[in-house]
Amino acid sequence: MEAITSTAIALFAGAYDTVASYFALVPYLLATNPEVQTKIQEELDEAFERTGASGVLGYHDIERLEYLEMVMSETMRRYPIGLSTRACTEDCDIEGTLAVVIFTQNIHPLLIGQIYCNAGIPIKKGMEVHINIAGIHTDPDIFPNPEEFVPERFSKEEKAKRNP
Ligand code: HEM
């Protein structure tokens, strides 16, 4: 029974709520960025024209909707949902960065992040490391003017310029 409950909660939080949130966020961002909405409309119009009489988009037609994919990626950059957590398996020391926050059982996580962020971060075996996804997504060195909604950041050319 516990396994069923935990699986149901995991699916609800991990699969249902994430997707539902983006179904709300994408229309919101399109409404507040009408020039993006127009470009998507044009891409879809062209895609439907290519379908001819059938008027139905197939899998391969959807694959070709590159601008729509860029919009989805930029939406997830602008409003990241979800966590990325890893358990450290051996002692190590990484260069200082605001991208990680370390949790221990006894010390406030943000405090640890602030103490070590300029001096290199020693991570001990057994610690949990929570990746600060929002911090990476709003780092102006990676995404200039991070508050702006710019799907072109995810064009093939722009993606190739970034270190994945
Ligand atoms: C826009 C929607 C979604 C977002 C933003 C999202 C985000 C994430 C994130 C951040 C992780 C953790 C990755 C990590 O540990 O580094 C994750 C893991 C996972 N997600 Fe999603 N997710 C989405 C939709 C879904 C859906 C629809 C399903 C299943 C139907 C799903 C199933 C999973 C599973 C099984 C894992 C664990 C993978 C593993 O640990 O190897 N996710 N997701």
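Tutor: First, burial: a residue is buried if 20 or more other C-beta atoms lie within 10 Å of its own, exposed if 12 or fewer, and partly exposed in between, with C-beta atoms placed from the backbone.

Student: And what kind of model is this?
Tutor: This is a predicted model; local features need pLDDT of at least 70, side-chain atom pairs count only at pLDDT 80 or more, and totals for chains, interfaces and linings use all residues. Residues are numbered from 1 along each chain as its sequence is written.

Student: Is Cys92 buried or exposed?
Tutor: Cys92 is exposed, because 12 other C-beta atoms lie within 10 Å. Cys92 sits in strand 2, residues 92–94. Helices (H or I, at least four residues) and strands (E, at least two) are DSSP runs, numbered from the N terminus.

Student: OK, zoom out. How many helices and strands are there in the chain?
Tutor: The chain has 7 helices and 5 strands. From the N terminus, the order is α-α-α-α-β-β-β-α-β-β-α-α.

Student: What share of the chain is buried?
Tutor: Of its 164 residues, 8% count as buried.

Student: And the contacts?
Tutor: Two residues are in contact if their C-beta atoms, placed from the backbone, lie within 7 Å. Take contacts between residues at least 6 apart in sequence: 68% of these join residues at least 24 apart.

Student: Let's do helix 4. Which of its residues are buried?
Tutor: Met70, Val71, Glu74, Thr75, Arg77 and Arg78 are the buried residues of helix 4. Seen down the helix axis, they fall within an arc of 160°, so they line one face of helix 4. The arc is that of the directions from the helix axis to the C-beta atoms.

Student: What do they pack against?
Tutor: The buried residues of helix 4 pack against helix 1 (2–32), helix 2 (34–51) and helix 6 (133–137).

Student: How long should helix 4 be, end to end?
Tutor: Helix 4 covers residues 66–78, and at 1.5 Å a residue its 13 residues should span 18 Å. Its end C-alpha atoms are 18 Å apart, which agrees. The expected span is 1.5 Å times one less than the number of residues.

Student: Back to Val71. Why does it count as buried?
Tutor: Val71 counts as buried because it has 23 C-beta neighbours inside 10 Å. Leaving out residues up to four places away in sequence, Val71 touches Val26, Val36, Ile40 and Pro151. Val71 and Phe149 are 78 residues apart in sequence, yet 8.8 Å apart C-alpha to C-alpha.

Student: And Glu66?
Tutor: Glu66 is in helix 4 too. Glu66 is partly exposed, with 13 other C-beta atoms within 10 Å. Glu66 and Ser155 are 89 residues apart in sequence and 8.2 Å apart in space, C-alpha to C-alpha.

Student: At what angle do helix 2 and helix 4 pack?
Tutor: The angle is about 145°, and the axes are 8 Å apart. Axes are lines fitted to C-alpha atoms, for helices over the stretch in contact, and angles run from 0 to 180 degrees between N-to-C directions.

Student: Which residues make that contact?
Tutor: Helix 2 gives Val36, Lys39, Ile40 and Glu43, while helix 4 gives Tyr67, Leu68 and Val71. By class, the residues of this contact are 5 nonpolar, no polar and 2 charged. Ala, Val, Leu, Ile, Met, Phe, Trp, Tyr, Cys and Pro count as nonpolar, Asp, Glu, Lys and Arg as charged, and the others, Gly among them, as polar.

Student: How many residues of helix 2 are buried?
Tutor: Of its 18 residues, the number buried is 1, so helix 2 lies largely in the open. After helix 2 comes Gly52, with a positive phi near 65°.

Student: New topic. Which residues surround the ligand?
Tutor: Gly14, Ala15, Thr18, Val19, Tyr22, Met76, Ile81, Gly82, Leu83 and Ser84 surround the ligand. A residue is near a molecule or strand if its C-beta atom, placed from the backbone, lies within 6 Å of it. Helix 1 gives the most to this shell, with 5 residues. By class, the shell has 6 nonpolar, 4 polar and no charged residues.

Student: Last one: where is Asn145?
Tutor: Asn145 is in the loop between helix 6 and helix 7 (156–161). Its phi is near 45°, a positive value in a residue other than glycine.
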